[in-house]
Amino acid sequence: MRAPHRFHQPLAIGAPAPLREPPTRLERMIHFVPPHVEKLRARIGELAAEVDVVLGNLEDAVPIEAKAAARDGLVAMARAADLGSTGLWARVNALNSPWFLDDMTRLVGEIGDRLDVVMLPKVDGPWDIAFVDQYLALLEARHGLKRPILVHAILETAEGVANVEAIAAASPRLHGMSLGPADLAASRAMKTTRVGGGHPDYRVLADAGAGDAPRPSAQQDLWHYTIARMVDACAANRLKPFYGPFGDFADPAGCEAQFRNAYLMGCVGAWTLHPSQIAIAKRVFSPDPAEVAFARRILAAMPDGAGAVMIDGKMQDDATWKQAKVIVDLARQVAAKDPLQAERYGF
């Protein structure tokens with residue numbers, strides 16, 4: 001790790017200085033687009049009005065023979081579309097792949113001024129972030145970029161989970177992290193072929209009662225431990241944690257439950273792989289109007305966050321004031337993007 005006094009210095013002569021404050025953009029969903037599919041790429045302007053982040057995917061789900069076409073398509077898409085306030089991200093190929101270098105040089109060189117975040121798959125440790133940090137700085141300096149491109153790490157290997165705290169502290173260029181459940185399951189030799197979500201056999205069973213009485217059982221969350229570690233590492237370093245993909249498009253209720261669990265644990269958004277999941281992410285990662293109204297009452301009763309007050313028979317203090325501020329700040333971001341939600345929140 002760099003010395004503290006050098007942490008916010010550019011890593012290349014002429015590169016933009018690293019950000020000192022994280023961006024405050026609304027990112028409830030990262031919507032994946034396969035840029036080698038022209039008919040989907042052509043809808044990007046329409047899609048940008050519906051989502052918070054559009055991501056051009058160059059890695060998994062793109063066939064080897066389509067890697068170059070996907071890269072070309074992403075460049076064309078970024079140049080042609082007016083995304084407004086919607087973020088533009090790219091998931092590049094893994095560091096050990098033969099496509100990574102071309103991904104980085106083409107994207108930074110041709111659309112670097114429009115690209116907000118590079119999503120990096122299969123991050124094993126801080127050394128991966130350090131390499132990409134330095135490489136991006138060199139490319140930014142070469143092409144005269146005025147603002148740094150951020151890096152988002154996917155947590156999808158056992159080694160990455162073991163090193164999550166070090167990864168989160170590796171660079172001021174880091175934007176956040178996402179859980180990558182499918183590759184993580186393979187890395188851990190987990191006995192599931194599902195992409196995110198639960199598993200019916202991962203359960204707890206109540207103690208046996210008298211005789212042959214049925215024993216209650218409840219399905220558990222396979223990803224609770226990993227999400228909790230990721231959220232803590234991100235919170236400690238002012239990064240944004242995200243739930244990753246939910247692969248069963250035919251199970252909207254399961255998707256919503258998984259997204260909501262992640263939201264309650266501290267995640268700010270999730271990946272959406274299918275248009276049907278966009279509305280779910282909007283609903284889950286936007287605070288409930290009733291919660292916003294109560295949070296605003298707390299802030300109004302404690303303008304400076306000091307002391308303690310009673311509201312509806314419940315004590316509120318500086319800790320609940322901080323919780324209320326998180327909810328209201330998020331609601332204001334949502335309201336700025338969505339006039340209907342602004343009306344529901346009373347802003």
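The following legends describe close-up views of a predicted model.

Residues are numbered from 1 along each chain as its sequence is written, and side-chain values use heavy atoms, with hydrogens and water left out. Because the model is predicted, local features need pLDDT of at least 70 and side-chain atom pairs count only at pLDDT 80 or more, whereas totals for chains, interfaces and linings use all residues.

**View 1. The closed barrel of parallel strands.** Eight strands close into a barrel in the order β1-β2-β3-β4-β5-β6-β9-β10, with parallel pairing. Neighbouring strands of this sheet are turned against each other by 25 degrees on average, direction ignored. Strands (E, at least two residues) and helices (H or I, at least four) are DSSP runs numbered from the N terminus, and two strands pair if DSSP finds at least two bridges between them. Axes are lines fitted to C-alpha atoms, for helices over the stretch in contact, and angles run from 0 to 180 degrees between N-to-C directions.

**View 2. Strand β10 between β1 and β9.** Strand β10 comprises residues 269–272 and pairs with β1 in the parallel sense over three bridges. Within this pairing, Thr272 of β10 is the bridge partner of His31. Strand β9 (residues 240–243) also pairs with β10 in the parallel sense, over two bridges. Here Gly269 of β10 is the bridge partner of Phe242.

**View 3. Strand β4 and its pairing with β3.** Strand β4 (residues 117–120) runs parallel to β3 and is joined to it by three bridges. Met119 in β4 is the bridge partner of Arg91, and Val118 stands opposite Ala90. In a regular strand the side chains alternate between the two faces of the sheet. In β4, Val117 and Met119 point one way and Val118 and Leu120 the other way, and all are buried. Buried means under 20% relative accessible area, exposed means over 50%, and partly exposed lies in between (1.4 Å probe, protein chains only).

**View 4. Helix α3 and its surroundings.** Helix α3 spans residues 67–80, and its 14 residues reach 20 Å from the first C-alpha to the last, close to the 20 Å expected at 1.5 Å a residue. The expected span is 1.5 Å times one less than the number of residues. The buried residues of α3 are Lys67, Ala70, Arg71, Gly73, Leu74, Val75, Met77 and Ala78. Their cover includes the strands β1 (29–33), β2 (53–57) and β3 (87–91), together with the helices α1 (38–41), α2 (44–48) and α4 (100–111). Val37 lies in the loop between β1 and α1 and is partly exposed, with a relative accessible area of 24%. Val37 and Ala69 are 32 residues apart in sequence, and their C-alpha atoms are 8.8 Å apart in space.

**View 5. Packing of helices α10 and α11.** Helix α10 (residues 252–265) and helix α11 (residues 276–285) pack at an angle of about 35 degrees, with their axes 9 Å apart. From α10, the contact is made by Pro252, Cys255, Glu256, Phe259, Arg260 and Tyr263; from α11, by Gln277, Ile280, Ala281, Arg283, Val284 and Phe285. Contact means heavy atoms within 4.5 Å.

**View 6. Ile167 in helix α7.** Ile167 is located in helix α7 (residues 164–168) and is buried, at 1% relative accessibility. Leaving aside residues up to four places away in sequence, Ile167 touches Val123, Asp124, Gly125, Pro126, Ile129, Ala153, Gly160, Leu174 and Met177. The C-alpha atoms of Ile167 and Leu155 are separated by 9.6 Å, and the two residues are 12 residues apart along the chain.

**View 7. Two residues with positive phi.** Most residues other than glycine have a negative phi. Lys122, which is not a glycine, has a positive phi of about 50 degrees. Lys122 lies in the loop between β4 and α5 (126–143) and is partly exposed, at 26% relative accessibility. Ala189 likewise has a positive phi, of about 60 degrees, and is not a glycine. Ala189 is placed in the loop between α8 (181–188) and β7 (203–205) and is partly exposed, at 45% relative accessibility.

**View 8. Cys234 and Cys267.** The whole structure contains zero disulfides, a disulfide being a pair of cysteine sulfur atoms within 2.5 Å. The cysteine sulfur closest to that of Cys234 is in Cys267, and at 8.0 Å it is too far for a bond. Cys234 is buried, at 0% relative accessibility, and Cys267 is buried at 3%.
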